[in-house]
Amino acid sequence: MTFKLMIGGLLAAVATTAALAQPVPPPPPVAPVPPVAPVAPMAPPAPGQAWARAPRPAETRAEAIARAQKMFARLDANHDGVITQDEIAALGAGQEGGGRGMGRGRMLMMADANRDGRVTLDELTAASVARFDRMDLNHDGTLTPEERAQAREQMGAMRGQ
């Protein structure tokens, strides 16, 4: 019995070795990758200037509402249905000088219609819709990059900039 097991194991080992010893076909040829043109580094903006941003694509009123709702869900850290001062302060945490987070915090607090120090989804949605409607200069329900730029210029002119 032991002899039969040894012979069977030896035959299995020989069969496995023969299978593994078969030549492996070479991999298919790889097409050469064209060289990438070097990109010049961007110069930092002048003092008092902001980095240029690519214009956002056209956006419908429904898309603006959906974006506000998505932002609310991201900012409501404890998911209690309100964005608090603490959650807004956390936006600028770890950023030198408060970063963009604090500027957004001021804008978020402008959405606090009842001035209770907390922003609800309804308040943020209403503020987003009002802002969209102010910027949609031809009132067609779609905010184009051109309308954004023109509205930004008008807001700057109102502030005396």
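**Group meeting: contacts, cores and helices in a predicted chain**

Among contacts in this chain between residues at least 6 apart in sequence, 45% join residues at least 24 apart, where contact means heavy atoms within 4.5 Å. What I am presenting is a predicted model, in which local features need pLDDT of at least 70 and side-chain atom pairs count only at pLDDT 80 or more, while totals for chains, interfaces and linings use all residues. Residues are numbered from 1 along each chain as its sequence is written, and side-chain values use heavy atoms, with hydrogens and water left out.

I begin with confidence. The mean pLDDT of the chain is 78, and 70% of its residues reach 70 or more; pLDDT is the predictor's confidence in each residue, from 0 to 100. Over residues 95-102 pLDDT stays under 50, and for that stretch the model has nine contacts beyond four places in sequence.

Next, the overall architecture. The chain comprises six helices and four strands, taken as DSSP runs numbered from the N terminus (helices H or I, at least four residues; strands E, at least two). From the N terminus on, the order of elements is α-β-α-β-α-α-β-α-β-α. Of the 161 residues, 20% count as buried. Here buried means under 20% relative accessible area, exposed over 50%, and partly exposed in between, with a 1.4 Å probe and protein chains only. The chain exposes about 12,500 Å², of which carbon and sulfur atoms supply 64%; these areas come from the Shrake-Rupley method with a 1.4 Å probe, and for residues only the protein chains shown count as cover.

Which residues make up the largest nonpolar core? There are nine in all: Phe-72, Leu-75, Ile-83, Ile-88, Leu-108, Met-109, Ala-111, Val-119 and Leu-124. A nonpolar core is a set of buried Ala, Val, Leu, Ile, Met, Phe, Trp, Tyr and Cys residues joined through side-chain atoms within 4.5 Å. As for Ala-111, its contacts, leaving aside neighbours within four places in sequence, are Val-119, Glu-123, Leu-124 and Ala-127.

With 15 residues, H2 reaches 21 Å from its first C-alpha to its last, close to the 21 Å expected at 1.5 Å a residue; the expected span is 1.5 Å times one less than the number of residues. The buried residues in H2 include Ala-64, Ala-68, Phe-72 and Leu-75. Because these four cover an arc of only 80° around the axis, they lie on the same side of H2; the arc is that of the directions from the helix axis to the C-beta atoms. The face turned away from the buried side carries the exposed residues Ala-62, Lys-70 and Arg-74.

Ala-68 counts as buried, at 3% relative accessibility. Beyond four places in sequence, Ala-68 is in contact with Leu-124 and Ser-128. The C-alpha atoms of Ala-68 and Ser-128 are separated by 6.6 Å, although the two residues are 60 apart along the chain. Ala-66 counts as partly exposed, at 41% relative accessibility. Ala-66 and Thr-125 are 59 residues apart in sequence and 8.8 Å apart in space, C-alpha to C-alpha.

In H5 itself, the buried residues are Glu-123, Leu-124, Thr-125, Val-129, Phe-132 and Met-135. The end C-alpha atoms of H5 are 21 Å apart, which agrees with the 21 Å that its 15 residues should span at 1.5 Å a residue.

Arg-148 may also interest this group. Is Arg-148 buried or exposed? Arg-148 is buried, with a relative accessible area of 6%, and lies in helix H6 (residues 145-158). Not counting residues up to four places away in sequence, Arg-148 touches Arg-56, Pro-57, Glu-59, Met-135 and Leu-143. Arg-148 and Arg-56 are 92 residues apart in sequence and 8.8 Å apart in space, C-alpha to C-alpha.

I close with backbone geometry in two loops. Arg-115, in the loop between H4 and strand S3 (118-120), has phi near 55°, a positive value in a residue other than glycine. Arg-115 is exposed, with a relative accessible area of 61%. His-139 is exposed, with a relative accessible area of 64%.
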